[in-house]
Amino acid sequence: MSTTRQQQPGDLGPEPGGAGAVPAVPAPGHSGVSGGAVRSLALGAASGIVPLARDFTRQALYDWGWLPAATADRRAAAEDVLLVVSELVTNACLHAEGPEELRVGCDGKVLRLEVTDRGSGQPAPRTPHRAGRPGGHGMFIVQRLCMDWGVARSPGSPGKTVWAELAAPA
């Protein structure tokens, strides 16, 4: 599994409110992953949020058969998922007044991660990316590891949901 797919311009999901934008925040009771399993974890009042989110996601990967991984590619896919969860939750902690909820959904082909927070900012990879400098790598990592990612806002509600989709291992 390649984790360094080069993104094409405009390949980062719909722009908020843009023409043809598909809402990334599904209707209540729907995860954005059709026909698949969905798990959610409230994070608002939790302590140790990043390890908690990773452990929650790791358990879902075990339950869905991604772990234990039989091959190096399957192991890399699971590690990519856990890294993306860490980055999304950490960004919500650092830049968005903290995460409210983590949703993990899988339909067998795509695994979708959603982190809802209270922040008003717009996450984006730092440009230009400076590999030798500390910090600022979170959304660059998400962009490089995921098939797609984006931000969705619910009209009339504070905050946003940052979502990312990764391919299930073959």
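Predicted model: local features only at pLDDT ≥ 70, side-chain atom pairs only at ≥ 80, totals over all residues.

Visitor: What makes T57 a buried residue?
Guide: Set its value against the cut-off. Buried means under 20% relative accessible area. T57 has 0%, so it counts as buried. T57 lies in helix α1, residues 49-63.

Visitor: What does T57 touch, apart from residues up to four places away in sequence?
Guide: It is in contact with V81, L82, V85, L102 and V104.

Visitor: Why are α1 and α2 called roughly antiparallel?
Guide: Two packed helices are described by the angle between their axes and the distance between the axes. Here the axes of α1 and α2 (residues 72-95) come within 9 Å and cross at roughly 150°. Angles over 145 degrees count as roughly antiparallel. That is why α1 is called roughly antiparallel to α2.

Visitor: Which residues make that contact, and which hand does the crossing have?
Guide: The crossing is right-handed. From α1 the contact uses I49, V50, A53, R54, T57, R58 and L61. From α2, the residues in contact include A78, V81, L82, V85 and V89.

Visitor: Is A92 buried or exposed, and how do you know?
Guide: A92 has a relative accessible area of 2%. The cut-off for buried is under 20%, so A92 is buried. A92 sits in helix α2. Leaving out residues up to four places away in sequence, A92 touches E97, G98, P99, V115 and D117. A92 and T161 are 69 residues apart in sequence, yet 9.8 Å apart in space, C-alpha to C-alpha.

Visitor: Why is G44 called partly exposed?
Guide: Its relative accessible area is 44%. G44 is in the loop between β1 (37-42) and α1. Beyond its neighbours within four places in sequence, G44 is in contact with P99 and E100. From G44 to E97 there are 53 residues in sequence and 9.9 Å in space, C-alpha to C-alpha.

Visitor: What makes E97 exposed?
Guide: The cut-off for exposed is over 50%. E97 has a relative accessible area of 57%, so it is exposed. E97 is in the loop between α2 and β2 (99-106).

Visitor: Which peptide bond is cis?
Guide: A cis peptide bond joins L67 and P68, with omega about -5°. P68 is in the loop between α1 and α2.

Visitor: How do you know that β5 pairs with β3 and β4?
Guide: Count the bridges. Two strands pair if there are at least two bridges between them. Strand β3 (residues 110-117) and β5 have 8 bridges, in the antiparallel sense. Strand β4 (residues 148-152) and β5 have 5, also antiparallel. Both pairs therefore meet the requirement. V110 stands opposite A167 in β5. W149 has A164 in β5 as its bridge partner.

Visitor: Which residues of α3 are buried, and what do they pack against?
Guide: In α3 (residues 138-145), G138, M139, V142, Q143 and L145 are buried. The buried residues of α3 pack against α2, β4 and β5.

Technical notes:
Residues numbered from 1 in each chain as written. Heavy atoms only, no water. Helix = DSSP H or I, 4+ residues; strand = E, 2+ residues; numbered from the N terminus. Buried < 20%, exposed > 50% of the residue type's maximum accessible area, 1.4 Å probe, protein only. Contact = heavy atoms within 4.5 Å. Axes fitted to C-alpha atoms, helices over the stretch in contact; angles between N-to-C directions. Parallel < 35°, antiparallel > 145°, perpendicular 65-115°, else oblique. Left-handed = near helix turned anticlockwise from the far one by under 90°.
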